[in-house]
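Student: I would like to go through the disulfides here. Can we take them one by one?

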Amino acid sequence: MQTVSAAGQTARVGAAIPGFSLAGPGELDLFGQTVPTKPRFDGPIRPLLQLTHITIDAQVAQLLRADGPRRLELSLSQQLAQGWTHYFEWETLIAAGFAVIPLVALAGLRRQSHAVMLKTAAAGVAVVCAVNIGGVLLTASSTPAVLRSVKTLDDLVGTDPLQAAPGTVARPLPGVQAVVIGDSTAAAVGNPVAARAGALDRACGRSSESYAADLALANTWNVLNLACSGATIQDGVIGVQLLSDGQVAPSQLMEAERATHPKVIIVSIGADDVEWSMMTRLCVASAVCNDKVSAAYFTQLLGDFTRSYYQLLGDLAQMPGNPAVLVNEYYSPFGSDVGCVAPYGITAAKEKVLLSRLGQLNAVLAQGAQTFGFGVADPAFTGHELCTADPYVQGPDDPAPLHPTATGELAIALADQQVLPRLEGLVPGPAGTPSASRGASGGAGTDSVSAQKLAAAAGIRPARG
């Protein structure tokens, strides 16, 4: 077998003939357990790989620092293909060696001259090599190309889906009137966390100052806030999300179904799908932000997000009970003055590029919501952006730069509150007296001070139940 080493992963590549079918997967011997490969190979001869050990060493760190994931992908794919090629090169040489021995012995018995002996051995080696090469071309010629398409281990053997712990039963939440799903903006990361917050709430950065809490306070609703910092549509909302501390956050969409009679589901998603934070850091570090490479990359991310977003909207349209759906666009964190962030690399020209891309994201959010007949809220931070006297956005030295402050969250709640009456069955009712309460798992109760602030700003009085 040929040894392959790539990114701290060492495997041995050989050949296997699992029957005589014309196509099928190869095999990976994973510490004594045979796993079929994800790619399928033409012909009866298919790769047999043996994974001997996995290490995370200095080689991996150096590759990540130097050339990034692209080199890791090329290293794995090229070495797998080379391992397969080297296997057959050695196999051919060994077969030729075994062919030479009887041919030389036969020539010796016939007392042939050295010249004739060499010709006989050479002819035998040529025949053996031709048979081996011809056999490989006929039965496994496409295998190197398939192996070169393998960039990561999940390309090779697929992924093992995360599963909830056995025996857990989702508890229905009939008393929830509204559900918030989304990313760090909805979680209100960087703001104070509730004293009785659970481990998942803390890992997700869910704050007692979130706009979900403000809406609960204004309407005396029980609001279930499922938002989680870093969530994307596929990894967090539709699917599970692996958090930095090792916890697995369940699918927000599935958790939302625990609310049996919600009036509305509010969505704040998209920034992590288009890697807004990374794009902003890249913009800060670059001479310009609108180079063709980063522009093309953003366009690709936005296209991928659009497809996932419409999938999510379709799922929300089929939610049990047909709750109203409200989609939040993203606020503009930058105003006309960027002087306070100039030392960090933000210029007026860079600001225009970032706001243009943010506008493209918001256009997709609005168009999708309107296509499905959902509500759209456009929170305005005008006059309260970064570098103003009273910013609604956390600054570069705050816990979560460019994320809303507690007042910014209140402004988002105000924008939502103004749209809610236009959604079917969500007209605010007469005033009530809010009482302070907060449930676990991100649920929000009521507080009279915040309720009065939001109600006064919205020009309404808090609704009961």
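Student: Are cysteine 204 and cysteine 228 buried or exposed?
Tutor: Keep in mind that this is a predicted model. Cysteine 204 and cysteine 228 form a disulfide, with sulfur atoms 2.0 Å apart. Cysteine 204 sits in helix H7, and cysteine 228 in the loop between strand S7 and strand S8. Both cysteines are buried.

Student: What is the handedness of the link of cysteine 204 and cysteine 228?
Tutor: Look at the angle about the S-S bond. For cysteine 204 and cysteine 228 it is -85°, and the link is left-handed.

Student: And what is the handedness of the link of cysteine 283 and cysteine 289?
Tutor: The sulfur atoms of cysteine 283 and cysteine 289 lie 1.5 Å apart. Cysteine 283 is buried, and cysteine 289 is too. The angle about their S-S bond is 80°, and the link is right-handed.

Student: How many residues apart are cysteine 340 and cysteine 387?
Tutor: These two form a disulfide, with sulfur atoms 1.9 Å apart. The pair links distant parts of the chain: cysteine 340 is in the loop between strand S11 and helix H12, cysteine 387 in the loop between strand S12 and helix H13. They are 47 residues apart.

Student: Why is cysteine 387 classed as partly exposed?
Tutor: Buried requires under 20% relative accessible area, and exposed requires over 50%. Cysteine 387 is partly exposed because its relative accessible area is 23%.

Student: Which pattern do the disulfides of the protein follow?
Tutor: A search of the whole structure finds 3 disulfides. Count the bonded cysteines along the chain, and the pattern is 1-2, 3-4, 5-6.

How values were computed: Residues are numbered from 1 along each chain as its sequence is written. This is a predicted model: local features need pLDDT of at least 70, side-chain atom pairs count only at pLDDT 80 or more; totals for chains, interfaces and linings use all residues. Side-chain values use heavy atoms; hydrogens and water are left out. A disulfide is a pair of cysteine sulfur atoms within 2.5 Å. Helices (H or I, at least four residues) and strands (E, at least two) are DSSP runs, numbered from the N terminus. Buried means under 20% relative accessible area, exposed over 50%, partly exposed in between (1.4 Å probe, protein chains only).
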